[in-house]
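The report below describes one protein chain, moving from the whole fold to selected residues. Please keep the sequence and the model in view while reading.

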Amino acid sequence: MTGTLIVEAAPMAIITDLGRTRGPRFGLPANGALDQYSARVANILVGNAEHDPLIEVTASDARFTVTADALVSVTGADAELRIGGELKPMWEPVTVRAGQTISVSDITAGLRCYLALHGSFEVERLLDSCAPDPAMGFSSALIAGASVPLRRSAGAAANDHWGHSLFNLRVLRPHIGEVAQVDVIDGPDIAEFSGTADRLFQDTFTVTDKSNHVGLRLSGGPLPVRTSRTEKLSRAVPIGALEVPPGDELLILHRGRGVTAGYPVLGVVTSTSLDVLGQARPGQRISLRRIDAEQAISHARAWRAELSALRERVALAFSSLGLAAHLPSGSAHRATAGAGAVASRDPTSR
């Protein structure tokens, strides 16, 4: 029996994945998990493929019940994870017995948590992705009382030994401080801000309450000033594009952005830093740091190596317990290859 997940309360939770990589060619946003690193790690920890569906919980508390024994993990922002009322650690596999409640509450030091279950979920897809797309009316929002079937059973994963952290998987856990550092490479329109582009890196900015999955709006300054008065026609823009619209704020496009836009693009945020922005709450202070393409590529390689090493450690741990892990070699590379500017770690696909 594979079992189901029953939603008890989830006012701001959705089922998603890493996004719709085929979407932009059809004019659709990529969407998907806003903190891709935490989403990938959550799936790896329970033996799923990195692109499998999982639950993104934003800001508010959420509760679920499983009808069969399951193996779960919760990553992302700091939060309180309880299984059957008992406090459990985040960022590692945890067993849930049939009928027990999974509770994620008190989200702090970030905005989003990711809940993955071994076997993942049986859900509808649009262009090979379950990521919600409001413009298309394609939604995977969770409502109280809904039941979501699992694709595979946890099997032997549910045993008493899993309550004691039998091994250390050495997961790299990101941390956002009082001021979050965000890396930026030069954008195609930087020449239009001659003499003022460096203002991006001289002071901190603040995430405003007008931010969402489409983009983050930053206040502060002084802001760069565009010297060109030429009208900017709409053209393709990557995820992470840092635009300077008229007014007193900056706009950083995130995974829900449209595939075209008409504001000048002063810079592009790297994918690693997009994960940071996926956890940024309104009021979060942001410090922008300029890096070059070579540094961005180095960061990309380190990120892929970290995920690959974690997959190997999890596979070894699962094997020692006689469990199956659906962790195809090189899945992180395949999920990010072939789309977007390599300097920003494939921003259009992530």
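## Basis and confidence

The model is predicted, and for that reason local features need a pLDDT of at least 70 and side-chain atom pairs count only at pLDDT 80 or more, whereas totals for chains, interfaces and linings use all residues. Residues are numbered from 1 along each chain as its sequence is written, and side-chain values use heavy atoms, with hydrogens and water left out.

The pLDDT, which is the predictor's confidence in each residue on a scale from 0 to 100, averages 87 over the chain, and 88% of the residues score at least 70. Where pLDDT is low, the predicted coordinates should not be read in detail.

## Overall make-up

The chain's secondary structure comprises four helices and 18 strands; helices (H or I, at least four residues) and strands (E, at least two) are DSSP runs, numbered from the N terminus. Of its 350 residues, 53% count as buried, where buried means under 20% relative accessible area, exposed over 50%, and partly exposed in between (1.4 Å probe, protein chains only).

The chain exposes about 14,400 Å², of which carbon and sulfur atoms supply 52%; accessible areas come from the Shrake-Rupley method with a 1.4 Å probe, and for residues only the protein chains shown count as cover. With contact defined as heavy atoms within 4.5 Å, 78% of the contacts between residues at least 6 apart in sequence join residues at least 24 apart.

Helix α1 (36-45) is mostly covered, since 10 of its 10 residues are buried. The buried residues of α1 include Y37, R40, N43 and L45. Just after α1, G47 takes a positive phi of about 85°.

Helix α3 (residues 293-320) has 28 residues and should span 40 Å at 1.5 Å a residue, which agrees with the 41 Å between its end C-alpha atoms; the expected span is 1.5 Å times one less than the number of residues. The buried residues of α3 are A296, A300, W303, L307, L310, R311, R313, V314, A317 and F318. An α-helix has 3.6 residues a turn, so residues three or four places apart point the same way. At the N-terminal end, D292 caps α3, with a side-chain oxygen 3.2 Å from the backbone nitrogen of E294. Just after α3, G322 takes a positive phi of about 75°.

## Loop residues and their surroundings

Q279 is placed in the loop between α2 (271-277) and β18 (285-290), and this residue counts as buried because its relative accessibility is 5%. Leaving aside neighbours within four places in sequence, Q279 is in contact with D35, S38, G76, A77, G110, L111, R112, Y114 and I176. One of these contacts, S38, is itself among the buried residues of α1.

H51 lies in the loop between α1 and β3 and is partly exposed, with a relative accessible area of 43%. Not counting residues up to four places away in sequence, H51 touches D17 and L18. H51 and S129 are 78 residues apart in sequence, yet their C-alpha atoms are 8.8 Å apart in space.

## Backbone geometry and cysteines

A cis peptide bond, with omega about 5°, joins G221 and P222, and P222 is found in the loop between β12 (215-220) and β13 (235-236). S120, although not a glycine, has a positive phi of about 60°; S120 sits in the loop between β8 (101-117) and β9 (147-149) and counts as buried at 0% relative accessibility. L127, also placed in the loop between β8 and β9, has a positive phi of about 50° although it is not a glycine, and L127 counts as partly exposed at 22% relative accessibility.

A search of the whole structure for disulfides, defined as pairs of cysteine sulfur atoms within 2.5 Å, finds zero. C113 is buried, with a relative accessible area of 1%, and C130 counts as buried at 1% relative accessibility.

Conventions:
A polar contact is a pair of N or O atoms within 3.5 Å; within protein, one must be able to donate a hydrogen and the other to accept it, and residues adjacent in sequence count only if both atoms are side-chain atoms.
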